[in-house]
Amino acid sequence: MKIALPTVNGELCMHFGHCEKFIIFEINEDNTISTSSEHTPPPHEPGVLPAWLAEMSVNTIIAGGMGQRAQAIFSQHQISVITGAPAMEATAVVQAYLDNSLETGINACDH
């Protein structure tokens, strides 16, 4: 499994389309983090980021906020979307998700 997080200064960015980097975490079969790598995203335009992340075999994206149209496009690429995650250090967000302790709130970008 691969999980992508949009980040700014190593923390989860509240809107995936306005991030500096994406950190992609590779997850082992025992639900532990294997590796992580930072990637500079292409310019934000509708449909570009989902296709780009799908090319890198990402299965899940965790974001603070994401509009419904973007969520639908990610779904078309078989990428699960988790929204409402808090602005925390990226590894802590993924670890909480893997431990089933990630507390999500309101989608910060539900428009």
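Modeller: Happy to. A contact means heavy atoms within 4.5 Å. Keep in mind that this is a predicted model.

Colleague: Thanks! Leaving aside its neighbours within four places in sequence, which residues is T60 in contact with?

Modeller: With those neighbours left aside, T60 is in contact with M1, K2, I3, A4, I79, S80, I82 and Y97.

Colleague: And is T60 buried or exposed?

Modeller: T60 is buried, because its relative accessible area is 4% and the cut-off for buried is under 20%.

Colleague: Where does T60 lie?

Modeller: T60 lies in strand 5, which runs over residues 60-62. I3 stands opposite T60 there, and strand 1 and strand 5 pair in the parallel sense over two bridges.

Colleague: In which sense do strand 1 and strand 3 pair?

Modeller: Antiparallel, over six bridges, with strand 3 spanning residues 21-27. A4 has I24 of strand 3 as its bridge partner.

Colleague: What about strand 2, how does it pair with strand 1?

Modeller: Strand 2 (residues 11-12) pairs with strand 1 in the antiparallel sense over two bridges. E11 in strand 2 is the bridge partner of V8. The hairpin of these strands has two residues between them, and N9 takes a positive phi near 55°.

Colleague: Nice. Switching to helix 2, which residues are buried there?

Modeller: In helix 2 (residues 68-76), A70, Q71, I73 and F74 are buried. They cover an arc of only 160° around the axis, so they sit on the same side of helix 2.

Colleague: Why would residues three or four places apart point the same way?

Modeller: Because an α-helix has 3.6 residues a turn.

Colleague: What covers the buried residues of helix 2?

Modeller: The cover includes helix 1 (48-55), strand 5 and strand 6 (80-82). On the other side of helix 2, R69 and Q76 are exposed.

Colleague: And which residue with a positive phi follows helix 2?

Modeller: That's Q78, with a phi near 60°.

Colleague: Last one: where does G105 lie, and is G105 buried or partly exposed?

Modeller: G105 lies in the segment after helix 3 (90-98). G105 is partly exposed, with a relative accessible area of 48%. Leaving aside neighbours within four places in sequence, G105 is in contact with T83 and G84. The C-alpha atoms of G105 and P86 are separated by 7.6 Å, and these residues are 19 residues apart along the chain.

Conventions: Residues numbered from 1 in each chain as written. Predicted model: local features only at pLDDT ≥ 70, side-chain atom pairs only at ≥ 80, totals over all residues. Heavy atoms only, no water. Helix = DSSP H or I, 4+ residues; strand = E, 2+ residues; numbered from the N terminus. Buried < 20%, exposed > 50% of the residue type's maximum accessible area, 1.4 Å probe, protein only. Arc of directions from axis to C-beta. Pairing = 2+ DSSP bridges.
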